[in-house]
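I opened my notebook for a slow walk through this fold. Here is what I looked up, entry by entry.

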Amino acid sequence: MKRMKRATFTAAALLSCTLAFSGCSLISQAVQPEQGQTGEQSNADAQDQGDQDQNGQDQNAQGQGDQNGQESSADQNGQEQAGQDQTGGQDASSDQSTSGSSSASSSDGSAGSDSGASSGSQGQVSIGESFEDPEMQDKIEVLSAVRNFESSKRASAIELGGEVVLLEVKITPGQKYSGLIQSGAFKISEDGGADYRYDQTDGLEAEMRAAGYEPFEDVRRRDGGTHQGWLAYVPNEKQDAYTIRYERGPGKVLGTDEKVPEFTTTFDIPSV
């Protein structure tokens, strides 16, 4: 009986120790990942705290820098304001002196006016030339020209000895082919035909219209009809007469091997 009790007690004790040991082992295994996560979180919290402390220091330093910058800006603005006041006084004096000089110049007639410059008396001369492009069947009439056109846009060129010349043309395009008749086909020479230059109508359109000379616009042959307008030239040196060359370059008919030879003719713009 005693032996059975001792055996039972011994077995119970061994079972209790086994369960206790096994339970501790299971709990230890289950907690291990959480301990790892807790360590990482602790490191992250420590880093965040360090960042917050650093941010606080940066914000304090930035606040001091902003305050110093505002004080410096205020000092600089004060200096700039003082400089502007002084400059304003000088500008006012300069404006008053300029106004006085302008008034004096206007009163004695020595100052220039806003009217266009001219290299002589503006005048219109009749030309009366006409010709036809035999290949394209374009009919072109050269009606007249204006010498010494008054222009404020080309005042510098006129003062240096040049001149603004206007040329009036009328065009009836042929219907055999399509394409354009452009202002660039009419070129001017101031040296007897050795060198030719394009027109400068684009820069003078406003002044031309204001004076009653409608600028020439490119003609599309398919539009048909009759088209009339003025071209503007600005020779560097004023001449008694100028040579105008009309030139239509060679071409080729689309979709065929047919070639169209060039066409060129010349005429003169006389003096007024």
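Before the strand entries, a reminder to myself: two strands pair if DSSP finds at least two bridges between them. With that in hand, I looked up S3 and strand S7 (residues 227–233), and found them paired in the antiparallel sense over 7 bridges. I also note that I am working with a predicted model.

**Entry: the whole protein**

I started with the inventory, which gives 3 helices and 11 strands. Reading from the N terminus, I wrote the order of elements as α-β-β-α-β-β-β-α-β-β-β-β-β-β. Of the 272 residues, 25% count as buried. The accessible surface comes to about 17800 Å², and carbon and sulfur atoms hold 46% of that. I then checked contacts with a separation of 6 or more, and 70% of them are between residues 24 or more positions apart.

**Entry: strand S3 and its partners**

How many of the 8 residues of strand S3 are buried? I get 6 for this strand, residues 165–172, so S3 is largely enclosed by the rest of the structure. To have landmarks on screen, I picked one bridge for each pairing. Val-142 has Val-169 in S3 as its bridge partner. Ile-171 has His-227 in S7 as its bridge partner. A note for viewing: in a regular strand the side chains alternate between the two faces of the sheet.

**Entry: the three-stranded sheet**

Next I traced an open sheet of 3 strands, ordered S5-S8-S11 with antiparallel pairing. Strand S8 (residues 242–248) is joined to S11 by 7 bridges, and the two run antiparallel. Here my landmark is Tyr-246, whose bridge partner in S11 is Thr-265.

**Entry: aromatic rings**

Tyr-246 came up again when I searched for ring pairs. The whole structure holds 7 aromatic pairs. In one of them, the ring centres of Phe-131 and Tyr-246 are 5.5 Å apart with their planes at 45°, so I logged the pair as tilted. The pair links distant parts of the chain, with Phe-131 in strand S1 (residues 123–132) and Tyr-246 in strand S8, 115 residues apart. Are these two residues buried or exposed? Both Phe-131 and Tyr-246 are buried. They also belong to one aromatic cluster, formed by Phe-131, Phe-186, Tyr-246, Phe-263 and Phe-267. I noted a charge over a ring as well: Arg-245 lies over the face of Tyr-196, at 4.3 Å from the ring centre.

**Entry: Ser-183**

My last stop was a loop residue. Where is Ser-183 placed? I found Ser-183 in the loop between strand S4 (180–181) and strand S5 (186–189). Its relative accessibility is 17%. Buried means under 20%, so Ser-183 counts as buried. Leaving out residues up to four places away in sequence, Ser-183 touches Asp-199, Phe-216, Asp-218 and Leu-231.

How values were computed
Residues are numbered from 1 along each chain as its sequence is written. This is a predicted model: local features need pLDDT of at least 70, side-chain atom pairs count only at pLDDT 80 or more; totals for chains, interfaces and linings use all residues. Side-chain values use heavy atoms; hydrogens and water are left out. Helices (H or I, at least four residues) and strands (E, at least two) are DSSP runs, numbered from the N terminus. Buried means under 20% relative accessible area, exposed over 50%, partly exposed in between (1.4 Å probe, protein chains only). Contact means heavy atoms within 4.5 Å. Accessible areas come from the Shrake-Rupley method with a 1.4 Å probe; for residues, only the protein chains shown count as cover. Rings of Phe, Tyr and Trp (its six-membered ring) pair if their centres lie within 6.5 Å; planes under 30 degrees apart count as stacked, over 60 as edge-to-face and the rest as tilted. A charge sits over a ring if NZ of Lys or CZ of Arg is within 6 Å of the ring centre and within 35 degrees of the ring normal.
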